[in-house]
Amino acid sequence: MRNFSFTRRSLLGGTAGAAALTLAACGTSGPGGSAGGGDSASIWQLSGQPNETIYQDSIDAFNELGKGSLEVTFFQNDAYKQKIRTAIGAGEAPTIIYGWGGGGLRTYAQEEQVDDLTPWLEENADFQKRFIDSVWGAATVDDKIYALPIGATQPIIMFHNKTVLESIGAEAPETWDALLDVIDKANTKGVAPISLAGQSRWTSMMWLEYLLDRIGGPEVFARIAAGEKDAWLDPAVIEMGNKVTELLEVKAFAEGFESMAADSNTDQALLWSDKAALMLHGGWTFGGMKSGGGSFVQDGRLGFGPFPTIDGGKGELANLVGNPCNYVSLSAVASEEEKTVAKAYFLEGMMTDDVAADFVASGSAPVVTGQEDALAASDDAEYLQWVYTSLQDAPSFTQSWDQALQPTAAEQLLVNTEQLFLGKATPEQFAEAMNATLEG
Amino acid sequence: MTTTPAAPHRERLQLSHLLFAAPALLFFLIFAILPLLGVVALSFTSWNGIGAIEFTGLTSWTEALSRETTWRGLLLVLLMIVATWVLQTPLSILLGTFLAGQQRYRGVLAVLYFLPLLLSSSAIAITFKSLMDPNFGLASGLGLPFLKQNWLGDSTLVWIVLLVIIAWQFIPFHTLIYQGAVRQIPQSMYEAAQIDGAGRVRQFFSITLPQLKYTLITSSTLMVVGALTYFDIIFVLTQGGPGVSTRILPLDMYLTGFRGNEMGVASALAVILVVLGLGLALGVQRLGGKDASASQTEGA
């Protein structure tokens, strides 16, 4: 699971100095990097429950099959992100490279550090069909598939507080006008219309992702991600910025949202403590609100739904944005023996029915088909079934922009998004600034 | 090692000096000089962290120097240096002088003042971030509405927040240095001044402050070079935001290198920081005057 609040959490003890740069440059060999033997392969995974146990169990089960052994090493999220890059650069990557698809995968593919898995998938068509269609997009670079889906899906969802909506006499908005109506009613009653941890920047970015999809359809960002010339100058981008301006004008976001940080989950707290009506956030916050929000979720007061459509816009209500799932790739420098073991794991260990059942039990929707019954039997059946159905019915699933773009552009995106939400950049300035990242 | 027949005695001495210094020198060489040379070398390349390292001459340098963020970052870090010095030095000297007294209540206060020294920067940043939360921070906790400000979302206010938090963290350290220095001042000087009829204020300005000259230089060097590398608190608190208003050069270097994966450009920025740091450190030392052997207790 990609847990944003973890991802963005401060790098504890991260002291950058000139020395840090060089240490990274030298490249250190990681634990588990010495997978020498004939029929053993290595994989690095992210630590943190409940996924750590799920992955560990799946690997233990695979190792008992006698098709080779897989050595796993767990890393904390931020540490992993830097380590994997360094390791790949130094030619010491594990056999199986865990990642997020999108822009990062594109870099690996361009540097020929990961194998093209398209031919292998053609041989194993049944395996490919096991996964829900919409998750393959972020694994594809120039029509070739370089990664396989793993884990659970985390779309971005419009959450709402049912109690608050009832008390202000509004319903969960499915159109732009209905959204403005909720904002107006909430402001009149002195409740924050929308909870947003604007200081974290990627939180505001989620609004842009959906706004652009609803205005111009998923094609607009697809062109941006593909690096097409002047793709950011699309009129839909300007209109997206105008909608943000409109939201700021009607005071849509909680007072002081510019200083709210998602690290401490105060945005979620605002929603579950009945201080805000709506919150656009990743599906992973469901678990956070369930454990942190008292009986808010258990009492059925948490509502969820799609992002509203916009009149005259091209994006459908069912289009999703967010993190389809995580991905694994095969290191190009691994030996044939290692690759054989890894491929056996892909087929018979990675996302088996047992693993999928573990994900359901942990409260998330796995990205393989045929989980309806298991989801219906889970504690969070209503929510999980809705997410699972949305995933399968989604005409498109746009990957989170900061994952889909190249790292340099992603960093620029966060800065410019904040400027837009602070009212310090006009929609035109935002578009121009982002368009500059397309060159080179 | 060259042998000079003229001074055999001296040569033996040098050899033993070298042997004693060898472990430290070796560490310095491996962990400071070599990485530094590596960074200098990288600054003449283009490297995204995973592909091949390409030698591209001055490309990374021209790129680094042509970016607006570099110059803004440089300006902001200089602002940071000046502001931290102006804010922290007078307070540290006053607190240090106050705490140098031997009274017991001062000892108790000293323990309290030095508490921030025990906390890591990241812990401090995370704590203050929670305290400043507009909805669940101090403002609502204590029911003090005036504390509900846009602390981290306003580009001016955020600077005040940063400077105060950094001061809160580092003043105790500098206070400790000044406290030790004030205690070193011979009591006889104050007695003589008292006999001459000097009051407390006069004593402070005529004896304490001049006697602290060398401590001031040490403390200022640490402060200036420290401000040049402030990273953790700002990274955790603001990530350089809102927008780019707190993206000081060291943070810019980190984000360029490890977020943007432009190692060449980031290395160029690192070299700029190293040169700036060395220059400032030497400059501050110079301020102390050239005669390093001048007596500190003149007239004592």
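**A helix and its surroundings**

Reply: The buried residues of H10(B) are B:Thr215, B:Leu216, B:Ser219, B:Ser220, B:Met223, B:Val224, B:Ala227 and B:Leu228. Keep in mind that this is a predicted model. The helix runs over residues 213-228 of chain B and has 16 residues. From its first C-alpha to its last it reaches 22 Å, close to the 22 Å expected at 1.5 Å a residue.

What covers those buried residues? The cover includes helix H3 (68-100), helix H7 (157-184), H12 and H13 of chain B.

Two of these helices lead on to chain A. The contact between the chains takes 50 residues from chain B and 44 residues from chain A. On the chain B side, at least two residues each come from helix H1 (8-42), helix H5 (121-131), helix H11 (232-237), helix H12 (249-259) and helix H13 (263-287). H12(B) gives the largest share of that side, 7 residues. By class, the side of chain B that touches chain A has 28 nonpolar, 16 polar and 6 charged residues.

Next, the loop between H11 and H12 of chain B. B:Gln239 has its place there. Its phi is near 55°, a positive value in a residue other than glycine. B:Gln239 is buried because 24 other C-beta atoms lie within 10 Å, and the cut-off is 20 or more. B:Pro242 is found in the loop between H11 and H12 too. A cis peptide bond joins B:Gly241 and B:Pro242, with omega about 0°.

Now helix H9 (residues 200-211) of chain B. B:Arg202 is found in this helix. B:Arg202 has 12 other C-beta atoms within 10 Å, so it counts as exposed, the cut-off being 12 or fewer. B:Arg202 and B:Val265 are 63 residues apart along the chain. Their C-alpha atoms are separated by 53 Å.

Step back to chain B as a whole. It has 13 helices and 2 strands. Its radius of gyration is 24 Å, whereas a compact globule of 300 residues would have one near 19 Å. Along its principal axes, the C-alpha trace spans about 80 × 75 × 30 Å. Of the 300 residues, 36% count as buried. Take the contacts in chain B between residues at least 6 apart in sequence: 68% join residues at least 24 apart.

Chain A is the partner. It has 21 helices and 13 strands. Its radius of gyration is 22 Å, close to the 22 Å that the globule rule gives for 440 residues, so chain A is as compact as a globular protein of that length. Its C-alpha atoms fill a box of roughly 70 × 50 × 40 Å along the principal axes. Buried residues make up 55% of the 440 residues. Among contacts in chain A with a separation of 6 or more, 79% are between residues 24 or more positions apart.

Chain A is divided into domain 1 (4-8 + 21-153 + 324-369) and domain 2 (155-321 + 400-438). Their C-alpha centres lie 30 Å apart. In the contact between them, 11 residues of domain 1 meet 15 residues of domain 2. On the domain 1 side, helix H1 (4-7) and helix H5 (102-110) of chain A each supply at least two residues. H5(A) gives the most, with 3 residues. By class, this side has 3 nonpolar, 7 polar and 1 charged residues.

Two local features of chain A round out the picture. Helix H15 (residues 336-350) bends by about 25° at A:Ala344. Buried residues in H15(A) include A:Val341, A:Ala342 and A:Lys343, as well as A:Tyr345 and A:Phe346. The other feature is A:Arg201, in the loop between strand S8 (192-195) and helix H10 (202-216) of chain A. Phi of A:Arg201 is near 70°, a positive value in a residue other than glycine. A:Arg201 is buried, with 25 other C-beta atoms within 10 Å.

How values were computed
Residues numbered from 1 in each chain as written. Chains lettered and ligands numbered in written order. Predicted model: local features only at pLDDT ≥ 70, side-chain atom pairs only at ≥ 80, totals over all residues. Bend = angle between axes of the 7 residues up to and from the residue. Helix = DSSP H or I, 4+ residues; strand = E, 2+ residues; numbered from the N terminus. Contact = placed C-beta atoms within 7 Å. Nonpolar A, V, L, I, M, F, W, Y, C, P; charged D, E, K, R; others polar. Rg over C-alpha atoms; globule rule 2.2 N^0.38 Å. Expected span 1.5 Å × (residues − 1). Domains from an automatic or database assignment.
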